[in-house]
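Hi,

Here is the structure I said I would pass on.

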Amino acid sequence: MRVTLLGTGDTTGTPTVGCDCDTCDAARERGVERTRFSVHVENERVDESLLIDFSPDFRYQFLRDEVPLPDAAVITHIHFDHLDGLGNVFRVLDSLEIYAADETDPETGKSVAETVDDDYHYLDPLTVVPTTPLETVRVCGLDVTLVPVDHPPLVCYGLSVEDPVTGAKLSITGDTSYNVPEASRAVLADADLLLADGIVPASLADYHPLGGRHEGPDGVARTFGTKHMTREGALALAEELNADRTRLVHLAHFYPADEAFAEPLAVDGEVYEL
């Protein structure tokens, strides 16, 4: 299983358009970037690829990293930075199965699968496959399990991707606070590689209008506002999940420049062989 981090940034990416903060300047100087979130998983055993989320930067990411076009995809939730790149499949792919949760979101009155099907009804290549969270499906020769996480006000999902032959396992928290349900934690546990949402360091929690929450024993906030984990929260979750290796993703340009590219914060283009 070859995992390529196509997009490791938050909704604006790094460098952010029109921003000359120290972190964005440092990214330009280093020649690194964090485009909007997307992960490519290539199963070399069956020569098929799975894409996790459709970044608005889809075209650029695939040209830059030269990964194969996907044979199937998973959509974790309907925020634009995870979904709006789906229109890029027009005249690029002849067919594509999209796996998305079948649970109705009280906020929208529709499931993620229904929203994708409705919003992209004009794309003939798409086949949306409604998928029940916590039930494993075989996709591209890999066992994929969606898990509910906590990203109010919309429903959102993380997932595990496991090779049934080699046992290699990738877990992705999705966009979430630290308040991940226990049943979901059990599915995400013991991954060879964990990609965890760590949008900012906990030291910035006081700058959020809602502050921080889910403080650890040391009083450090593990959630920034309500929707995302802090760096410290993501690392605490990774330890609880017994992840062999952890990379933090969905990162904002608000990280101070001297912390923004330190371990274990990911940048675009990282590749892992599991």
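The second largest cavity holds about 30 Å³ of space. Bear in mind for everything below that this is a predicted model. Lining that cavity are Val74, Tyr99, Thr131, Val137, Val139, Val144, Thr145 and Leu146. Two elements, strand 7 (137–139) and strand 8 (142–148), each give two or more residues to the lining. Strand 8 has the largest share, with 3 residues. By class, the lining has 6 nonpolar and 2 polar residues, and no charged ones.

The largest cavity has about 50 Å³ of space. Around it sit Phe37, Asp53, Thr76, His82, Ile172, Thr173, Gly174, Asp175, Asp197, Val249 and His250. Here the classes come out as 3 nonpolar, 5 polar and 3 charged residues.

Next, the open space. The largest pocket takes in about 250 Å³. It is lined by 18 residues, and those closest to its centre are Thr11, Ile199, Lys227, His228 and His250. The pocket lining divides into 6 nonpolar, 8 polar and 4 charged residues. If you are colouring residues, pick out His250: it is one of the residues lining the largest cavity, and it is also among those closest to the centre of the largest pocket.

I also looked at two single residues.

Where is Ser55? You will find Ser55 in the loop between strand 3 (48–52) and helix 2 (58–65). Its relative accessibility is 0%, so Ser55 counts as buried. Leaving aside residues up to four places away in sequence, Ser55 touches Arg36, Phe37, Ser38, Gln61, Asp81 and Gly85. Phe37 in that list also belongs to the lining of the largest cavity. Ser55 and Gly7 make a pair to display as well: they are 48 residues apart in sequence, and their C-alpha atoms are 7.4 Å apart in space.

The other residue is His253, which lies in the loop between strand 15 (246–249) and strand 16 (271–273). Is His253 buried or exposed? With 11% relative accessibility it falls under the 20% cut-off, so His253 counts as buried. Its contacts, again not counting residues up to four places away in sequence, are Thr12, Gly13, Thr14, Thr16, Cys19, Cys21, Thr23 and Cys24.

Last, the chain as a whole. There are 6 helices and 16 strands in it. The radius of gyration is 17 Å, which agrees with the value near 19 Å that a compact globule of 274 residues would have. The C-alpha trace spans about 45 × 40 × 40 Å along its principal axes. Of the 274 residues, 57% count as buried. Taking contacts between residues at least 6 apart in sequence, 64% of them join residues at least 24 apart. The accessible surface comes to about 11500 Å², and carbon and sulfur atoms account for 46% of that.

Cheers

Technical notes. Residues numbered from 1 in each chain as written. Predicted model: local features only at pLDDT ≥ 70, side-chain atom pairs only at ≥ 80, totals over all residues. Heavy atoms only, no water. 1 Å grid on protein atoms, 1.4 Å probe; cavity = no way out; pocket = protein on both sides within 12 Å on 5 of 7 lines; lining within 4 Å. Points joined across faces, edges and corners; volume = space filled by probe spheres on them. Nonpolar A, V, L, I, M, F, W, Y, C, P; charged D, E, K, R; others polar. Helix = DSSP H or I, 4+ residues; strand = E, 2+ residues; numbered from the N terminus. Rg over C-alpha atoms; globule rule 2.2 N^0.38 Å. Buried < 20%, exposed > 50% of the residue type's maximum accessible area, 1.4 Å probe, protein only. Contact = heavy atoms within 4.5 Å. Areas by Shrake-Rupley, 256 points an atom, 1.4 Å probe, with all protein chains shown as cover.
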